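Welcome! Please take a moment to look over the sequence and the 3D structure, and then let us walk through them together.

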Amino acid sequence: MKKHNFNAGPSILPREVIEDTAKAVLDFNGSGLSLMEISHRAKDFQPVVDEAVALFKELLNIPEGYSVLFLGGGASLEFCMIPFNFLEKKAAYLNTGVWAKKAMKEAKGFGEVVEVASSAESTYTYIPKDYTIPADADYFHITTNNTIYGTELKEDLNVNVPMIADMSSDIFSRSIDVSKYICIYGGAQKNLAPAGVTFVIVKNDALGKVSRYIPTMLNYQTHIDGGSMFNTPPVLPIYSAMLTLRWIKAQGGVKEMERRAIEKADMLYAEIDRNKMFVGTAAKEDRSRMNICFVMSPEYKELEADFQKFATERGMVGIKGHRSVGGFRASCYNAMPKESVQALIDCMQEFEKLH
Ligand SMILES: Cc1ncc(COP(=O)(O)O)c(C=O)c1O
């Protein structure tokens, strides 16, 4: 049976990225060696990193003066590297969920942290809009897509201080104005690569402004100077990321990813809004295109496990909501074909007919 992979992350990747990674695992560039057994300093690997960086810059239209890094540690390590490198006195954070809170918690060890607004009181079903950012904040931190709750900031904000964004789950799904940010980061295991690599886009001249000692490995400058090769980088996920970036370019770039994301999300939200058995959980204006969250309508609440089983039997994978919110979550990342979204919609319609 065909599987439709709605996993929230690690998640669906383009089929050819998986196939070409598999080929390189068996024989990298006709070298007779596996991608897993070559040195990251092998002459054939440097071009992979160079191409990945170049494609990052090209696809996201990154201006001069920014570096692109591929690191280990996940987005979670960035929660701590961000304040280490950028927080001198005060930082502002928008609390839009678990990941934003975790980022904020790390920052508290480095200086004053101002939570400018929070939607915790409504289980993060919306993104706060009215707040004031202290003008003397070193940066304003946002999580553009809240993977667990299915809310998304789909446009770059205009604010009075430099922005830093966790874009783990919506990078490359829309055009962004990188010049508004001093740092953009994320775990790559959703729209880019298998787990194991973290991407960081950093504005070079925003560094070097804090007075504290920064441990070597946690200092962005170390990795800029080392071209992401200060230590052994995650070779295999970087290779897959490079292949995904080639794929995005061949498909028509970020604009095309955005067009597809809107199309898929519109299809599924239309069904959620039409079908009497389901309700969307996120505020309409903040609905994520990447993670589409819904629950059973109150009158059908007791059928949640039945629908889960019904959908699983029809090939749907990973639609169970995050353990902290329940219900369902269909993650529709870049590599998710429209046909899979349609298969889920068909499933919802069939289930409705039965009740
Ligand atoms: C928005 C967001 N930020 C951060 C993380 C944590 O990423 P990692 O597991 O790479 O540390 C996740 C993981 O799902 C996420 O969705």
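Predicted model: local features only at pLDDT ≥ 70, side-chain atom pairs only at ≥ 80, totals over all residues.

Strands here are DSSP runs of E with at least two residues, numbered from the N terminus.

Thr-147 has a relative accessible area of 5%. Buried means under 20%, so Thr-147 counts as buried. Setting aside neighbours within four places in sequence, its contacts include Ala-8, Trp-99, Arg-329 and Tyr-333.

The unreviewed UniProt entry has a "binding site" annotation covering Ala-75, Ser-76, Trp-99, Thr-147, Asp-166, Gln-189, Asn-231 and Thr-232. These residues spread over 158 residues of sequence, and in space they reach up to 30.2 Å between C-alpha atoms.

Ala-75 belongs to helix α3 (residues 74-86) and is buried, at 12% relative accessibility. Beyond its neighbours within four places in sequence, Ala-75 touches several residues, among them Tyr-185, Gly-186 and Gly-187.

Next, find strand β9 (residues 181-187), where 7 of 7 residues are buried. Strand β9 pairs in the parallel sense with β8 (residues 163-166) over 4 bridges, while 5 bridges join β9 to the antiparallel strand β10 (residues 198-203). Ile-184 of β9 is the bridge partner of Ala-165, and Ile-184 also stands opposite Ile-201 in β10.

Terms used. Residues numbered from 1 in each chain as written. Heavy atoms only, no water. Buried < 20%, exposed > 50% of the residue type's maximum accessible area, 1.4 Å probe, protein only. Pairing = 2+ DSSP bridges. UniProt positions renumbered as here; feature names shortened; annotations may be inferred. Contact = heavy atoms within 4.5 Å.
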